[in-house]
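Grab a pencil and open the viewer.

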Amino acid sequence: MATGIICRRCAGRSCRTATFSTTTKAASKRIFFRKTEEGQSSKNTGKHSKPAVMLRLWNPPEYKISLNPSAYAGTKCVSHEDASRSLSGGSLESDYTRISAKQIQNTYSITCSRRLSCTKNTLLDLESNKALFTPASLTQLRKVDPVEDDGQTADVEAYDTKEDPRVFQKQRPEYKFLCYNRSEPLQPLSIEEGNLILQNVAVLRSSLKPGTIAEYFFRLSCLTTEHLEIMSSNTRFAMLCRYGVENIQLFDIFELVKILKAFVCLAIPPTHSMLKVYETECCRRASDMSLDQQLMVADLWRCLRRSVPQYLDTVFSYVNLHWTNLTLPQLVQLVYIIGEGRKAPEDLMKKLDTLVLKYLHSLNLEEVGAICLGYFKSRNGLSEQTMRKIGDKVSAHLADMSSYALVNVLKMYRYTHVDDMDFLEELGNVAPSRIPSIGIQGVMHITLGCSALHYLDERIMNAVASSIPSRAAYCRSKDIAKLLWSFGSLNYEPPNAEEFYASLEEQMHIKLPEFQKFPEHLLTALLALAFAKRFPDDLINYALSPKFIRLTRGSKFDLLKDLFTLDGTVEIECPSYTGNRLVPQLRQEATEMLWNFAKKEICLKPEITDAVSLLEDMLGGPQYVKNHMILPHTRSVDLEIHLDSGQKPLPFNAEAVPTKKLELKESGVPLTDDLMNQLLKRKSSSQTSVDDCENKIEKCTHKRQALQEQSLSRWDPVMFSDGVPLTGTILKALTKSTASCESPAFTVQPHGVMKLAIQVSNRNHYCCSSKRLLGLHNMKRRQLCQIGYTVIELPFWEWFHLLRRSRSEKLSYLHHKIFGSVV
């Protein structure tokens with residue numbers, strides 16, 4: 001920062017001024033001199049009044065400004081704006097009327113080195129000081145209730161992200177050494193005492209001692225909120241801030257902590273340049289602090305709402321070496337700090353997981369919630385073993401937990417995908433009655449947690465649905481999207497569905513500008529509505545517009561898949577829609593991306609490969625089966641089969657390479673004496689043996705035909721034990737139709753062709769512990785039917801069990817599923 005001094009004066013007269021102000025204009029970086037007392041100002045308003053003295057900043061390597069207060073009797077006010085900012089008739093702006101003559105004649109010097117300028121510690125660049133106490137920062141000191149018609153609802157929605165997570169800190173006395181307690185009573189400071197402190201600052205200036213500076217900050221932080229607002233324009237407080245920066249390396253750790261506490265009460269904005277200096281000093285001193293002091297300082301930076309990743313890295317490095325010595329309160333406070341910092345080394349989090357398990361029996365419910373939240377915010381998961389133990393601990397006492405802690409535990413279950421049924425069932429008992437008293441953000445997290453775990457409890461969902469219409473105005477774009485997604489993905493329609501959806505769709509229109517900032521939320525909401533067969537044309541038209549698609553390109557998420565799913569759904573389910581659509585190039589790009597993923601992650605799963613192989617053998621070859629994405633926008637594969645009107649398989653997969661098949665005739669397998677001897681495990685080749693074998697073959701054939709008419713649940717492979725031990729090859733030959741043995745040449749399919757979509761499902765397609773399809777898979781099945789497919793499912797509870805059984809059993813099951821389902 002450069003400083004130049006320009007002094008204008010009348011000829012033959014000296015220029016006199018009082019203390020200079022530390023308030024500057026942002027554009028010109030000027031420092032104006034301010035008036036002394038009101039009386040002096042009136043005396044100088046004549047023809048001999050002097051113009052204002054102005055300092056222009058420049059940047060020498062080292063400079064001193066020597067000031068002799070006795071040489072300056074007064075100065076003219078620079079502007080009416082500056083005058084209007086004076087306090088209580090000028091009490092904080094008055095000159096040294098109470099200072100002795102000896103003091104007045106002292107000469108003080110203010111030294112500013114190039115080093116301070118280089119670290120951006122520009123406390124005299126007083127644009128920052130002018131805005132030291134902004135309305136936004138001062139609201140931290142008092143909770144403002146929203147003005148709404150429904151006062152009770154407004155109170156429920158008043159959510160302080162700074163205070164609510166800190167309830168656990170009030171439950172043990174040890175936390176007072178680890179974190180800052182905003183509710184700790186302070187002795188109020190009167191405005192007169194504040195004036196006196198600031199006057200002392202103006203007198204002592206550079207001779208202020210570090211302990212005195214820390215004490216002055218602490219005492220000024222005890223002013224009431226109204227007086228803090230008045231002090232925002234005071235130049236002497238800015239001087240105090242500057243002297244704090246200049247003496248920062250002389251503070252001991254206790255004084256440094258004391259100043260940071262004062263900054264919290266003073267609501268210093270997190271972006272203020274002065275805080276960068278203190279952050280750097282804290283990083284330098286971290287290795288000299290005890291762990292308690294490290295955690296206290298980290299907590300103070302959290303209260304100041306300033307991110308300090310470098311300082312936290314230093315703390316984490318220290319903890320990584322001494323983690324086994326952490327006490328229970330230190331562990332909980334550390335995990336809280338990690339969560340607020342949003343990251344931590346993975347190896348450290350695993351070590352802390354071990355400690356959580358060790359201390360779990362001693363943790364109270366709020367501390368459990370704090371640990372879950374810390375891990376969740378830092379994108380680290382607790383181990384399954386720890387989550388099971390947490391479930392055992394809290395399930396029996398869920399009614400005693402605060403709603404905030406309950407939601408945080410559910411967040412961690414959502415993140416780790418551990419489905420603790422005891423916890424979820426107890427959640428269904430406790431949560432519904434609490435929904436009206438939980439803020440919208442908490443309600444959203446409850447429904448989203450249930451959705452992520454695929455857990456449908458109608459009591460919870462109905463309570464949420466009945467609560468939302470009257471509170472929809474409080475929803476952010478994220479809340480709207482996640483609420484809709486929870487209901488849509490669980491494929492659940494509440495009793496008040498029309499009112500519920502109408503209220504949220506109305507808010508989607510109102511908050512469209514917010515959705516433009518977060519395009520992923522709009523697509524999430526529209527897909528959720530599509531699951532529920534609701535299609536707001538105007539919002540869909542906007543979401544598929546070139547303008548919105550350009551917005552999605554700037555998102556941190558890959559939203560092309562969501563756009564593709566929405567576009568494909570509209571094409572099938574909204575034939576009357578005439579709005580924007582995805583361009584063919586993007587559709588092709590999305591299709592290739594999804595298919596490449598499916599080939600690597602889905603098509604190679606054992607349940608899929610087994611089904612494809614067996615169907616090819618049963619129907620006559622790969623040209624009769626196609627494993628592909630019938631509806632690419634639904635992001636999953638199906639096995640496609642075509643049958644004619646007589647239920648004969650039709651070859652349609654032109655991409656498949658036909659395999660050479662065994663020539664079979666309608667009369668069955670030609671049995672020779674040697675084959676019969678082998679089947680009957682006899683060495684004799686007499687005609688009697690052949691006759692006996694033929695009788696046994698005929699008997700088994702009758703039993704096979706009877707078996708095919710029975711369901712899988714009644715089928716018993718022991719029925720084959722009285723005759724020939726049939727292999728998979730022989731069974732295939734016996735059950736294969738004549739049509740399957742014909743030439744595989746591809747012909748034009750007749751009009752009556754039946755297209756089958758064979759779906760191999762898994763647990764992730766269904767709600768937990770039920771046979772209710774989730775929203776996306778239900779929508780896919782609906783759309784397959786709409787475009788003319790007959791959907792046949794191989795449900796996981798049947799097919800996965802058969803994967804461990806014999807080939808004969810699996811073939812029989814597939815034959816029954818396909819030909820028995822299309823009768």
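**Exercise 1.** Within what distance do the axes of α12 and helix α14 come, and at roughly what angle do they cross?

*Before you start.* You're looking at a predicted model, where local features need pLDDT of at least 70, side-chain atom pairs count only at pLDDT 80 or more, and totals for chains, interfaces and linings use all residues. Residues are numbered from 1 along each chain as its sequence is written, and side-chain values use heavy atoms, with hydrogens and water left out.

*Solution.* 
- Step 1: find the two helices, α12 at residues 253-266 and α14 at residues 291-303. Helices are DSSP runs of H or I with at least four residues, strands are runs of E with at least two, and both are numbered from the N terminus.
- Step 2: read off the geometry. The axes come within 9 Å and cross at roughly 20 degrees. An axis here is a line fitted to C-alpha atoms, for helices over the stretch in contact, and angles run from 0 to 180 degrees between N-to-C directions.
- Step 3: α12 is roughly parallel to α14, because angles under 35 degrees count as roughly parallel (over 145 is roughly antiparallel, 65 to 115 roughly perpendicular, the rest oblique).
- Step 4: list who meets whom. Ile253, Phe254 and Leu260 are among the α12 residues at the meeting, and the α14 side includes Met296, Leu300 and Trp301. Contact means heavy atoms within 4.5 Å.

**Exercise 2.** Find the residues that touch the most other members of the largest nonpolar core.

*Solution.* 
- Step 1: know the term. A nonpolar core is a set of buried Ala, Val, Leu, Ile, Met, Phe, Trp, Tyr and Cys residues joined through side-chain atoms within 4.5 Å. Buried means under 20% relative accessible area, exposed over 50%, and partly exposed in between (1.4 Å probe, protein chains only).
- Step 2: name them. Out of 170 residues, the ones you want are Phe217, Phe263, Tyr278, Tyr311, Leu352 and Met508.
- Step 3: look for the top contributor. That's helix α12, which gives ten residues to this core.
- Step 4: zoom in on tyrosine 278. Beyond residues up to four places away in sequence, tyrosine 278 touches Phe217, Phe263 and Trp301, among others.

**Exercise 3.** Is histidine 628 buried or exposed, and which side chain does its own side chain make a polar contact with?

*Solution.* 
- Step 1: locate histidine 628, in strand β6 (residues 626-628).
- Step 2: check accessibility. At 16%, histidine 628 counts as buried.
- Step 3: find the partner. The side chain of glutamate 640 makes the polar contact, at 2.6 Å. A polar contact is a pair of N or O atoms within 3.5 Å; within protein, one must be able to donate a hydrogen and the other to accept it, and residues adjacent in sequence count only if both atoms are side-chain atoms.
- Step 4: Leaving aside neighbours within four places in sequence, they include Trp595 and Val637.
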